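Dear colleague,

Please find below the structure that I am handing over to you. My notes on it follow directly after.

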Amino acid sequence: FWLHIVENLGSGVDQYIFHGRNIASNDALKILFANGKLEIEIVSTSGLSNKYVWAIPSFAILKWYHCIISWSGRFTEDPKLYINAAEVTINSATRNETTDRNRRTIKELMLFDAFAASADYELVGGLAEFAIFNSNFSSVDAEEIYNNGEDFNALKHTRAVNLVDYWRLG
């Protein structure tokens, strides 16, 4: 996905990019931007979650960045983050789920916001080209979809057969 942050709302304010829930009160997957950090939290069928944080000090406000979060689907393996096709090192990880359980199924999905009925947690910025693949991406895959910062239709990616959902968003 392409991410454009208009305003860093400071410490303690989460700006949701993606929020998937199993049912109304059960989180399944969260991707958010908070205080210069990109965070992902993945919840297993047991209810235990793993949270990964990447500090992005070079994230400039009002600039577009291409972000890929690639994960094998195994709780015993950490996800990877690529920004503009370059892999970024995880700064911190909280691993509560250490066995190979399945991830909770997402039945309710929200982009830009965590709770549709509330103005809290909204992303102050923009998203474009939000794609979900059921495939782990390599650096070569990241380079292909980043396409040197030029427009690229995910339906034409080498791994398009693994494309689960795709929203162009503008």
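**Salt bridges and strand pairing**

D141 is buried, with a relative accessible area of 6% (buried means under 20% relative accessible area, exposed over 50%, and partly exposed in between, using a 1.4 Å probe and protein chains only). The side chain of D141 meets that of R159 in a salt bridge, at 2.8 Å from N to O; the term stands for a side-chain nitrogen of Lys or Arg within 4 Å of a carboxyl oxygen of Asp or Glu. D141 lies in helix 1 and R159 in the loop between helix 1 and strand 13 (163-167), so this pair ties together parts that are 18 residues apart in sequence. R159 is partly exposed, with a relative accessible area of 26%.

Please note that this is a predicted model, in which local features need pLDDT of at least 70 and side-chain atom pairs count only at pLDDT 80 or more, while totals for chains, interfaces and linings use all residues. Residues are numbered from 1 along each chain as its sequence is written, and side-chain values use heavy atoms, with hydrogens and water left out.

Further salt bridges

Side chains of opposite charge can pair when their charged atoms come close. A search of the whole structure finds 10 salt bridges. One of them joins R95 and D78, with a distance of 2.6 Å from N to O. Because R95 lies in strand 9 and D78 in the loop between strand 6 and strand 7, the pair ties together parts that are 17 residues apart in sequence. R95 is partly exposed at a relative accessible area of 44%, and D78 is partly exposed at 33%.

R74 forms a salt bridge with E77, where the closest N and O atoms are 3.5 Å apart. R74 is partly exposed, with a relative accessible area of 40%, and E77 is partly exposed, with 34%.

Helices (H or I, at least four residues) and strands (E, at least two) are DSSP runs, numbered from the N terminus. Two strands pair if DSSP finds at least two bridges between them.

An open sheet is formed by 5 strands in the order 8-7-6-1-11, with antiparallel pairing. Its edge strands are strand 8 (86-88) and strand 11 (125-128), each of which pairs on one side only. On average, neighbouring strands of this sheet are turned by 30 degrees against each other, direction ignored; axes are lines fitted to C-alpha atoms, for helices over the stretch in contact, and angles run from 0 to 180 degrees between N-to-C directions.

Within this sheet, strand 1 (residues 2-5) and strand 6 (residues 64-70) run antiparallel and are joined by 3 bridges. The bridge partner of W2 in strand 6 is H66. Helix 1 (residues 139-146) lies across strand 1, strand 6 and strand 7 (80-83), and runs at about 145 degrees to strand 6; contact here means heavy atoms within 4.5 Å.

Strand 5 and its partners

Strand 5 (residues 49-55) is mostly covered, as 5 of its 7 residues are buried. Strand 4 (residues 37-43) pairs with strand 5 in the antiparallel sense over 7 bridges, and L38 stands opposite W54 in strand 5. The two strands, 4 and 5, form a hairpin with 5 residues between them, and G47 in the turn has a positive phi of about 95 degrees.

Strand 5 is also joined to strand 9 (residues 92-95) by 4 bridges, and these strands run antiparallel. V53 stands opposite S92 in strand 9.

With kind regards
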